[in-house]
Each structure stands twice: as structure tokens, then as C-alpha cells.
Amino acid sequence: MGWDRSPEPGAYVGQLADHARKLQGEARDALARGEFTRASALIGDAELLAEDVHGMVGDMEQRELGELARLAAYDVRPAASPDAAPPRPTAAARGRWRPAMGATLAMSFALVEC
């Protein structure tokens, strides 16, 4: 990875989701030790992180849909006509929501254990 190349945005989303899981574990440990103020702060941080992950995934989807719409404008095949049914989301598109949902689930588990 040099000046001309940067990692895919999905790599950052994965790192953020891993960090949210780490915060969940730290919150669980703090609760076990009776450090409720610290646990509350960790849960709040994890919630903010989950919102960021959700926003990043949404932005990535919007950008990808914009690029696909631009490419579809150049397509002159009959299947690309406006009367054609919209394409169904692919497994790859659905897979991009997994990190956001994982962070959300991590937060809900942390909150349930409170």
C-alpha cells in the first residue's frame, strides 16, 4: 500500500466493528468489577461507534448505487429500459450490512447484561 493505493472502505468498517466488540468486552469486565460509571461510558462509546459504522455502510451503499446508476445510463440494452424491474440486491450488497448489524447486536448484548 503506497501513495497511489489505499485500502478498501470495508477494511475500515471491519476495524470499527472489531473495536465495538472490544468495547463490549471491556464494558462487560467493568460491570463484573462493579465499575458502573466506566461501563456506562464504554457502552456510550460503543453506541456512538455503532452509529458511525451504520452511517459509513449507508454512505458506501449510496456511492455504489450512484456509480451503478451512472453505468446503467450508458447501457442501451432493452433490459435497461425504465419499465424493467429494479435489480434485486446481491449477496455482496447484503453482506455490507453485516458489520453494522454486528455492531448493533454487540451493543444490545452489552445493554442486556447491564
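**View 1. Glu26, a residue with two partners.** At 23% relative accessibility, Glu26 counts as partly exposed, a label for anything between buried (under 20% relative accessible area) and exposed (over 50%), using a 1.4 Å probe and protein chains only. Keep in mind that this is a predicted model, where local features need pLDDT of at least 70 and side-chain atom pairs count only at pLDDT 80 or more, while totals for chains, interfaces and linings use all residues. Residues are numbered from 1 along each chain as its sequence is written, and side-chain values use heavy atoms, with hydrogens and water left out. For Lys22 and Glu26, the closest N and O atoms are 4.0 Å apart. Both of these residues sit in helix 1, 4 residues apart, or about one turn of the helix.

**View 2. From Glu26 across to Arg38.** Here the closest N and O atoms of the salt bridge are 3.7 Å apart. Glu26 belongs to helix 1 and Arg38 to helix 2 (residues 36-74), so this pair ties together parts that are 12 residues apart in sequence. Arg38 has 41% relative accessibility, so Arg38 counts as partly exposed. Helices (H or I, at least four residues) and strands (E, at least two) are DSSP runs, numbered from the N terminus.

**View 3. Arg21 with Asp18.** This salt bridge has its closest N and O atoms 2.2 Å apart. Both residues lie in helix 1 (residues 9-33), 3 residues apart, about one turn of the helix. Is the Arg21 side buried, exposed or partly exposed? Arg21 is partly exposed, because its relative accessibility is 42%. Asp18, at 44%, is partly exposed too. Why can such side chains pair? Side chains of opposite charge can pair when their charged atoms come close. The structure holds 4 salt bridges.

**View 4. Inside the largest nonpolar core.** A nonpolar core is a set of buried Ala, Val, Leu, Ile, Met, Phe, Trp, Tyr and Cys residues joined through side-chain atoms within 4.5 Å. The largest one has 10 residues, including Ala20, Leu42, Leu49 and Ala103. Helix 1, helix 2 and helix 4 (98-113) each supply at least two of its residues, and helix 2 gives the largest share, 5 residues. Leaving aside residues up to four places away in sequence, Ala20 touches Leu49 and Ala103, where contact means heavy atoms within 4.5 Å. Apart from this core lies another, of 5 residues, among them Val13, Val53, Val57 and Ala100.

View 5. Leu65, Leu68 and Leu71 make a nonpolar surface patch of about 290 Å². Patches use residues with over 30% relative accessible area and no salt bridge; like charges are joined within 9 Å, and nonpolar side chains (Val, Leu, Ile, Met, Phe, Trp, Tyr) within 5 Å. Leu71 sits in helix 2 and, at 49% relative accessibility, counts as partly exposed.

View 6. Where pLDDT is low, the predicted coordinates should not be read in detail.

Technical notes
A salt bridge is a side-chain nitrogen of Lys or Arg within 4 Å of a carboxyl oxygen of Asp or Glu. Accessible areas come from the Shrake-Rupley method with a 1.4 Å probe; for residues, only the protein chains shown count as cover.
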